[in-house]
Amino acid sequence: MNDPAQTVNVIGGGLAGSEAAWQVARRGLQVRLFEMRPLQTTGAHRTGDLAELVCSNSLKSDEQNTAPRLLKDELREGGSLLIRLAEAAAVPAGGALAVDRERFAASVSEALSSHPNIEIRRQEAFHINPDEINVIAAGPLASRALSKEISRLTGVDGLYFYDAISPVVEGDTINFETAFRAARYGKGGDDYVNCPMSRDDYDRFYDALIIAEAVPAHNQSGNEEPEKYFEGCLPIEELARRGRDTLRFGPMKPVGLEDPRTGREPYAAVQLRLENLMADAYNIVGFQCHLKYGEQKRVLQLIPGLERAEFIRFGQMHRNTFICSPRLLRETLQMKAHPRVLFAGQISGIEGYTEAMATGMLAGINAARIAHGLETIAAPRESATGSLAFYLANADARNFQPANTTFALLPPLSADDRKQSRRKTDRHRVQVERGLSAFRDWLRQSGESFSRQSWPQIPLVAAE
Ligand SMILES: Cc1cc2nc3c(=O)[nH]c(=O)nc-3n(C[C@H](O)[C@H](O)[C@H](O)COP(=O)(O)OP(=O)(O)OC[C@H]3O[C@@H](n4cnc5c(N)ncnc54)[C@H](O)[C@@H]3O)c2cc1C
């Protein structure tokens, strides 16, 4: 059972790597989990904890019949450690699953470091031996030396874009004479703080934003280079450049909100979401940006309610590394050329925290199967996990862009099913039910069902 040649190397103790390590270890195999933090940082992470969330604290919607919920339900079915600890560290966020990030990461670190099958090596991994079983989950900010090694292995070089971090403000510096608590359409209590804007407020903000000075983007040799953004996570200054009203139809959309001072929908609104249970830190939702810090302060303080806001963290931009998976991966997340090497998480070409966990789970299952001499398996196409893996293996390699879980990624319904479900919400319900049932059947038929009796006691780390 403990044959060293069958020990699984997991490179990166982020969301995907932590889940992969757990899935391998709970199948009775030994894991070497390489994590370079805190000795070496990525630029976005701030602690040495495993599974640190680098930006938002939200794992997206947990509402019935949504695509993000389907992915979470599949993680629950697969016995995911991370989804279980996320639920235990949840903070109020309406219909979304948001977590107290410190508590979540501390709990994952504690669970993995106390697991008898897992050895955590706090060092940078930069050599991959394709004869050993490896799960590469080094994330979008994989170290340079490892990126070079991956390029050597994959033959793919220079595929990158930029991603962004939203600013965080201190809760007691928000002016609640102007800002008000409410969720859109009154759904989900008052977990959000809203800063309403009149047309004049919006114009003043827009005019300042459009001329604010950005931080120049640099490549690894330090030379300036043009930015290539991920469409799903554009910085506000880039959105503003696309048109005066683009922000009003994006992160500053006022729909579903009523300003209690006027009784009307504002012209635009900025939303802030609670960062943790201490109610002292708020994330400005969708406000990732790459402006110089002084400029950010000047522009963001033009938002009514944030005139005197103190910033715990300013928005930032980061390099994002990912492989061209349609050329390189199978749906099992194994490399076509090196079947003992698997990829998981953002570096495999997916995008999002929960997506990283799900690909970590699938890679972990398959790494364990390789070690046990079993055939590797692909998750069903109807499931959210299977759709992600299908996308990775089959997307157009020439224009490959990382993807989130959405209904668009799931296979469409048959003509008959569509006839019976005329409303979009009904079609979504059918897609979700079909996906979850296929996923459960797949786990059972492949002998990978998670038995709740075998679930060990994992203490949740107490909040500070
Ligand atoms: C700045 C930024 C903001 C983001 N914001 C969000 C968001 O708000 N919501 C969302 O859903 N997604 C967000 N993402 C996208 C993505 O979901 C996260 O990056 C997520 O953490 C990816 O999980 P992962 O496990 O693939 O990588 P990570 O969580 O980054 O884990 C990778 C780990 O590998 C380690 N590592 C790297 N190289 C080595 C090496 N050579 N040896 C050993 N260890 C190494 C790193 O230290 C890190 O701990 C963001 C990404 C970035 C870059």
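**Ground rules**

I note that this is a predicted model, in which local features need pLDDT of at least 70 and side-chain atom pairs count only at pLDDT 80 or more, while totals for chains, interfaces and linings use all residues. I count residues from 1 along each chain as its sequence is written. My helices (H or I, at least four residues) and strands (E, at least two) are DSSP runs, numbered from the N terminus.

**H3 and H4**

I then looked at how helix H3 (residues 81–88) meets helix H4 (residues 101–113), and their axes come within 9 Å and cross at roughly 135 degrees. This makes H3 oblique to H4, since angles under 35 degrees count as roughly parallel, over 145 as roughly antiparallel, 65 to 115 as roughly perpendicular and the rest as oblique. The axes are lines fitted to C-alpha atoms, for helices over the stretch in contact, and the angles run from 0 to 180 degrees between N-to-C directions. On the H3 side I listed Leu81, Leu82, Leu85, Ala86 and Ala88, which meet Phe104, Ser107, Val108 and Ala111 in H4; two residues are in contact if their C-beta atoms, placed from the backbone, lie within 7 Å. The residues of this contact divide into eight nonpolar, one polar and no charged, with Ala, Val, Leu, Ile, Met, Phe, Trp, Tyr, Cys and Pro counted as nonpolar, Asp, Glu, Lys and Arg as charged, and the others, Gly among them, as polar.

**The five-stranded sheet**

I traced an open sheet of five strands in the order S6-S2-S1-S7-S16, with parallel pairing, where two strands pair if DSSP finds at least two bridges between them. Strand S6 (118–121) and strand S16 (341–343) stand at the edges with a single partner strand each, so one side of each is left without a neighbour in the sheet. With direction ignored, neighbouring strands of this sheet are turned by 20 degrees against each other on average. Strand S7 (residues 133–136) and S16 are joined in the parallel sense over three bridges, and Ile136 stands opposite Phe343 in S16. Helix H10 (residues 353–371) packs on the sheet, touching strand S1 (8–11), S7 and S16, and its direction makes about 175 degrees with that of S7.

**H10 and its helix partners**

I followed H10 to H1, where the axes of the two helices come within 7 Å and cross at roughly 35 degrees, in a right-handed crossing. The contact of H1 with H10 has 13 nonpolar, five polar and one charged residues.

I turned next to helix H2 (residues 67–77), which packs with H10 at an angle of about 35 degrees, with their axes 10 Å apart, and here H2 passes H10 in a left-handed crossing. Pro68, Leu71, Lys72, Glu74 and Leu75 of H2 make this contact with Thr354, Glu355, Met357, Ala358 and Met361 of H10, and by class the residues are six nonpolar, one polar and three charged.

**Around the ligand**

I found that 39 residues surround the ligand, the closest being Gly12, Gly14, Cys55, Gly139 and Gly345; a residue is near a molecule if its C-beta atom, placed from the backbone, lies within 6 Å of it. The elements that give two or more residues to this shell are helix H1 (15–25), strand S8 (160–165), strand S15 (316–321) and H10, and H1 gives the most, with three residues. By class, I read the shell as 20 nonpolar, 14 polar and five charged.

**The three-stranded sheet**

I also traced an open sheet of three strands in the order S3-S5-S4, with antiparallel pairing. S3 and strand S5 (residues 96–99) run antiparallel and are joined by two bridges, with Ala98 in S5 as the bridge partner of Ser58.

Most residues other than glycine have a negative phi, and most peptide bonds are trans. Ala51 is found in the loop between S2 and S3, and its phi is near 55 degrees, a positive value in a residue other than glycine.

Terms used: Left-handed = near helix turned anticlockwise from the far one by under 90°.
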